[in-house]
Amino acid sequence: MNIDEVKKSLRTDLLKKRSSLTKDFQAKASQMICSKLADLPEIKDVLSLAEPYFSIFYPMGDEVSLLAFVKEHPQAHYALPVVLGTRTMKFVEVPAQTLLLPKDELDDFLVKPAKRAALPDNYPLVSPKDLTAMLIPGLGFDQNLYRIGYGGAFYDTFISNYQDELKSVHLIGVGYDEQLIEKVPTDQYDRQLDIVVSTSKILRL
C-alpha cells in the first residue's frame, strides 16, 4: 500500500477505536486532559500574557472536549477554525461565553465541520501572528509528535503556510491515551507538534 492507503486504513481503525469509548469515559478523560493542559508551564506562560490567544476546536463526535478549559479560563481569547475550501482554513474569535452555550444555540460553523463559502460575519478574523498557542485535534499521535487527522490536511497546511508567524506559538495536540500509536506514517506535508497531551501522558521531544 502507498502512504495514502496506509493512512486511510489507519484512520478507519482509529475512528473505530475512539467511537468505542463510552460517553462517560470521554467526559472524564476530557476533564483530565484539560487539567493537564492548564498545568503545562507553556500554558501558564500564555495565560500570564495580557492577550492570550488560543486556537481551539469545538468537539465533534467523540473528540476530546476542551470546554472545561474554556470555562476555567474565560478571560482568554479563543479562535475557532472555519474551513473555506480545499486545505484552506482560517480562524475567527469566539467569546468564551458563546462557546459554553448549549450546543443547539451555537452557530452551525462551530458544530458542523462543513466547508463554507465565506467567513461568518459576526466573528472577527484572527491573524496567525496573534495566536499564542494552538490546541490541535487529531485521530492519532505518536512519540515523535506527529499527528494523523481526518485527511483534509487543514492544520498541516495552515502551520506550513504561516510557519514564520507561528514560530513562537506552542503547537499542542490533544487526545485520549487510546489515540496514542507507535508511529504515524508521514510525508513532506506532515508537521510535527511541540507537545502532545493525553489522558495520562505529556509527550515532548
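Two strands are said to pair if DSSP finds at least two bridges between them. Helices (H or I, at least four residues) and strands (E, at least two) are themselves DSSP runs, numbered from the N terminus. Strand β9, residues 195-197, pairs with β10 in the antiparallel sense, over three bridges.

The model is predicted, so to speak of local features a pLDDT of at least 70 is needed, side-chain atom pairs count only at pLDDT 80 or more, and totals for chains, interfaces and linings use all residues. Residues are numbered from 1 along each chain as its sequence is written, and side-chain values use heavy atoms, with hydrogens and water left out.

Seen as a whole, the protein has seven helices and ten strands. Its radius of gyration is 16 Å, close to the 17 Å that the globule rule gives for 205 residues, so the protein is as compact as a globular protein of that length. Here the radius is taken over C-alpha atoms, and the rule is 2.2 Å times the number of residues to the power 0.38. Along the principal axes, the C-alpha atoms fill a box of roughly 45 × 35 × 35 Å.

Of the 205 residues, 49% count as buried; buried means under 20% relative accessible area, exposed over 50%, and partly exposed in between (1.4 Å probe, protein chains only). The protein exposes about 10500 Å², and carbon and sulfur atoms supply 51% of that area. Such areas come from the Shrake-Rupley method with a 1.4 Å probe, and for residues only the protein chains shown count as cover. Among contacts with a separation of 6 or more, 72% are between residues 24 or more positions apart, a contact being heavy atoms within 4.5 Å.

The mean positions of the 24 positive and 28 negative charges are 4 Å apart. Lys and Arg count as positive and Asp and Glu as negative, while His and the chain ends are not counted; each charge is placed at NZ of Lys, CZ of Arg, CG of Asp or CD of Glu.

Attention now turns to the sheet. Eight strands form an open sheet with mixed pairing, in the order β4-β3-β2-β1-β5-β8-β9-β10. The edges are held by β4 (125-126) and β10 (202-204), each with a single partner strand, so one side of each is left without a neighbour in the sheet.

Which residues of β5 point one way, and which the other? A133 and L135 share one direction, M134 and I136 take the other, and all are buried. Strand β5 (residues 133-136) pairs in the parallel sense with β8 over four bridges, and M134 stands opposite L171 in β8. Strand β1, residues 53-55, is also parallel to β5, over two bridges, with M134 in β5 as the bridge partner of S55.

Strand β8 (residues 170-174) is mostly covered, as four of its five residues are buried. Strands β8 and β9 pair in the parallel sense over three bridges, and V174 stands opposite V197 in β9.

Most residues other than glycine have a negative phi. For R87, however, phi is near 55°, a positive value. R87 sits in the loop between β2 (77-85) and β3 (88-93) and is partly exposed, with a relative accessible area of 40%. A153 has a positive phi too, near 60°; its loop runs between β7 (147-148) and α7 (154-161), and A153 is partly exposed at 23%.

Leaving aside residues up to four places away in sequence, Y123 touches V92, E93, V94, P95, T98, D107 and F109. Y123 and V92 are 31 residues apart in sequence, yet 5.7 Å apart in space, C-alpha to C-alpha. Q75, in the loop between α4 (67-72) and β2, is partly exposed, with a relative accessible area of 49%. The C-alpha atoms of Q75 and A50, 25 residues apart along the chain, are separated by 9.8 Å.
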